[in-house]
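Here are my notes for you to read alongside the model. Take them one at a time, and keep the 3D view open as you go.

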Amino acid sequence: MEGIPHPIPRTVEEVFGDFKGRRAGLIKALTTDVEKFYQQCDPGGVDSFVVWIILEKENLCLYGLPNETWEVNLPVEEVPPELPEPALGINFARDGMQEKDWLSLVAVHSDSWLLAVAFYFGARFGFGKNERKKLFQMINELPTIFEVVTGNVKQPKDQSAATHNSGKSKSSGKVQSRQPEHQNKAVKMSPPPKDEDDSGEEEEEDDEQGATCGACGDNYGTDEFWICCDVCEKWFHGKCVKITPAKAEHIKQYKCPSCSSKRARV
């Protein structure tokens, strides 16, 4: 499979580096080198007659290599193999599918293979629970190959949001870390912001104490969920208006009971 030996990764950082290298090679095969890759998956299109005889009607695999390159090759003969094997027979599906669908299918299997290789190294070198969790979190920060190939690359959500709001725990509540995921919606899930000045932390605490619920009149509490009416812009305890954080995530525009009743009368 790999003509040039590569260092065996043994730490979380080394395994992640191996993952990124293989991932980069696979992305090249499925994007910038797609024409070359497409041709190599057709044994009849190979220039060398000898290679054509050897590879004809064989199950070919797409390998990503740690040095950010790729190759189409036969599976290894040893059983069990040194590493998990990629999907077999990608060449057989090539002519029976639309090219974009075929590339998407190979991309999905490539994602699965990358995870299998990474966690194979983790198991082989005795990664514990925390190390496995750290490795998966590092991997999960990157878009999948499928997302790259199909153009559906998603922006980081929870991790970036948690980092962005790490210094605002006093005024954000438990649901604030999920707000960037829904910033295009009108639902607001943190207490009303006040005018900022240079007075420091004491002023911030005063601002929080000044926020009151439009239903019960109680002050804001750091461990409570709040929601803002998009009509009157008053803030309410979620419990006072019977809105949970889970429900709020699916509300495009929230209207408090008072504004809802006014609209009904009109």
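Among contacts in the protein between residues at least 6 apart in sequence, what percentage join residues at least 24 apart? The figure is 62%, where a contact means heavy atoms within 4.5 Å.

1. A word on what you're looking at. This is a predicted model, so local features need pLDDT of at least 70 and side-chain atom pairs count only at pLDDT 80 or more, while totals for chains, interfaces and linings use all residues. Residues are numbered from 1 along each chain as its sequence is written, and side-chain values use heavy atoms, with hydrogens and water left out.

2. The overall picture. The protein has 12 helices and four strands; helices (H or I, at least four residues) and strands (E, at least two) are DSSP runs, numbered from the N terminus. Of its 266 residues, 33% are buried. Buried means under 20% relative accessible area, exposed means over 50%, and partly exposed is in between, using a 1.4 Å probe and protein chains only.

3. Helix 1 covers residues 12–30, and at 1.5 Å a residue its 19 residues should span 27 Å. (The expected span is 1.5 Å times one less than the number of residues.) The end C-alpha atoms are 27 Å apart, which agrees. This helix is also mostly covered, with 14 of its 19 residues buried.

4. Aromatic rings. A pair of aromatic rings is described by the distance of the centres and the angle of the planes. Here, rings of Phe, Tyr and Trp (its six-membered ring) pair if their centres lie within 6.5 Å; planes under 30 degrees apart count as stacked, over 60 as edge-to-face and the rest as tilted. The structure holds six such pairs. Take F37 and W70: their ring centres are 5.8 Å apart and the planes sit at 90°, so this pair is edge-to-face. It links distant parts of the chain, since F37 is in helix 2 (residues 34–40) and W70 is in strand 2 (residues 70–73), 33 residues apart. Both F37 and W70 are buried.

5. A second pair to find. Y38 and W102 are edge-to-face too, at 5.6 Å centre to centre with 85° between the planes. Y38 belongs to helix 2 and W102 to helix 5, 64 residues apart. Y38 counts as partly exposed because its relative accessibility is 22%, whereas W102 is buried at 0%. Together, F37, Y38, W70 and W102 form one aromatic cluster.

6. Helix 5 again. S104 is found in this helix and is buried, with a relative accessible area of 16%. Leaving aside neighbours within four places in sequence, S104 is in contact with F146, V149 and T150.
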